[in-house]
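This report describes the surroundings of the ligands in one model. The sequence and structure come first.

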Amino acid sequence: MTQPLHPVVVVGAGAVGCFFGGMLARAGHPVVLVGRPQHVDAIERHGLRMEARDFDEHVRLRATTDIAAVAQAQVVLFCVKSGDTESAGAQLKPHLRPEALVLCLQNGVDNADRLRTVLPPRQVAAAVVYVATEMAGPGHLKHHGRGDLVIEPVTRSEEVAQLFAQARVPVEISSNVRGALWAKLVVNCAYNAVSAIAQRPYGENVRSPGIQQVMSDVVAECLLVAQAEGVEIPGDIDLAVRRIFETMPTQLSSTAQDLARGKPTEIDHLNGLVVRRGQALGIPTPVNRTLWALVKLLEGKQQRAG
Ligand SMILES: NC(=O)C1=CN([C@@H]2O[C@H](COP(=O)(O)OP(=O)(O)OC[C@H]3O[C@@H](n4cnc5c(N)ncnc54)[C@H](OP(=O)(O)O)[C@@H]3O)[C@@H](O)[C@H]2O)C=CC1
Ligand SMILES: CC(C)(CO)C(=O)C(=O)O
């Protein structure tokens, strides 16, 4: 008999983990969040505050700092930053059931591949994440827009999609998840660094002189690199880029949030990845390089100040 997918265990109780874990819990599914003490303590005491556009509720669900909680999971939502993929993977490895599915809800194009090298022979699947969300305080999630996923077709992906559908989270199962990850990477390259450097939301940035042209140049460079890598980017990429500022005008990118909190950013996995892959393929990526270097400059300035 097939095991039920419950409980879902979220590794990385931050903006993305709390949003998707919280939506499942709100729909009545058992969820356990694994995260840092400041969020875990608040969530255990008061529930997870989900401040969304159309509701503001305290959602009751279990939270713990103990990664051994993954031992119960049939499905793990892996929601740490790209720079933490290997370390968090190594921590969860000894506790994971052999049949568990680990879904990587992360930006960047290679997290699932990197996690697979840490967790063989476990099932690891990439998920492309479209959401605008932030932790506004301990155990307090603020949602600015969207909340949908594209996932790889793996055993039980249909069941996972149904589970999310019950929680009002649309999930597309795509046999071209590599292309879908690259489409999201292009979006991140266009928005994240600019928002981080200016510390301003997308809706304001796109109205500033020259910014839309910078974003178009970034997109063009990314597409050349993707094409040379043999990636087929699905859909209309210009529309996908435009949809971000139309649907999340008040959002600061996750890179902007990291810098504001004095945390390392994922820029090496975003514009930085395009620069490195471009260099290997002989494709110049000057605009991506400039944005990557400026974010690194700001990151370094903070580390010296900290
Ligand atoms: N925020 C957004 O709107 C979006 C984010 N994404 C992507 O989703 C991924 C997650 O981002 P986001 O949720 O914003 O990041 P957050 O930093 O908000 O959340 C990650 C959380 O995981 C914690 N963490 C790290 N390692 C471990 C571990 N080993 N065990 C338990 N907890 C751990 C972090 O703690 P600590 O900080 O102390 O390390 C942090 O609290 C990223 O790849 C991001 O790019 C994608 C779409 C939108
Ligand atoms: C879609 C976007 C750009 C939303 O903020 C994001 O993925 C991020 O902030 O990293």
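## Shell of ligand 2

Helix α6 (residues 177-198) supplies the largest share of the shell around ligand 2, four residues. Helices (H or I, at least four residues) and strands (E, at least two) are DSSP runs, numbered from the N terminus. Asn107, Ala132, Val187, Asn188, Tyr191, Asn192, Ile244, Met248, Gln251, Ser253 and Ser254 surround ligand 2; a residue counts as near a molecule if its C-beta atom, placed from the backbone, lies within 6 Å of it.

By class, this shell holds five nonpolar, six polar and no charged residues. Ala, Val, Leu, Ile, Met, Phe, Trp, Tyr, Cys and Pro count as nonpolar, Asp, Glu, Lys and Arg as charged, and the others, Gly among them, as polar.

## Basis of the model

The model is predicted: local features need pLDDT of at least 70, side-chain atom pairs count only at pLDDT 80 or more, and totals for chains, interfaces and linings use all residues. Residues are numbered from 1 along each chain as its sequence is written, while chains are lettered from A and ligands numbered from 1 in the order in which they are written.

## Shell of ligand 1

Ligand 1 is surrounded by 29 residues, and Gly12, Gly14, Val16, Gln106 and Asn107 are the closest. Strand β8 (123-137), α1 (15-26) and α3 (85-92) each give at least two residues to this shell, with β8 giving the most, six. The shell around ligand 1 has 13 nonpolar, ten polar and six charged residues.

Ligand 1 lies between domain 1 (8-175) and domain 2 (178-305), because both give residues to its shell. The domain bounds come from an automatic or database domain assignment.
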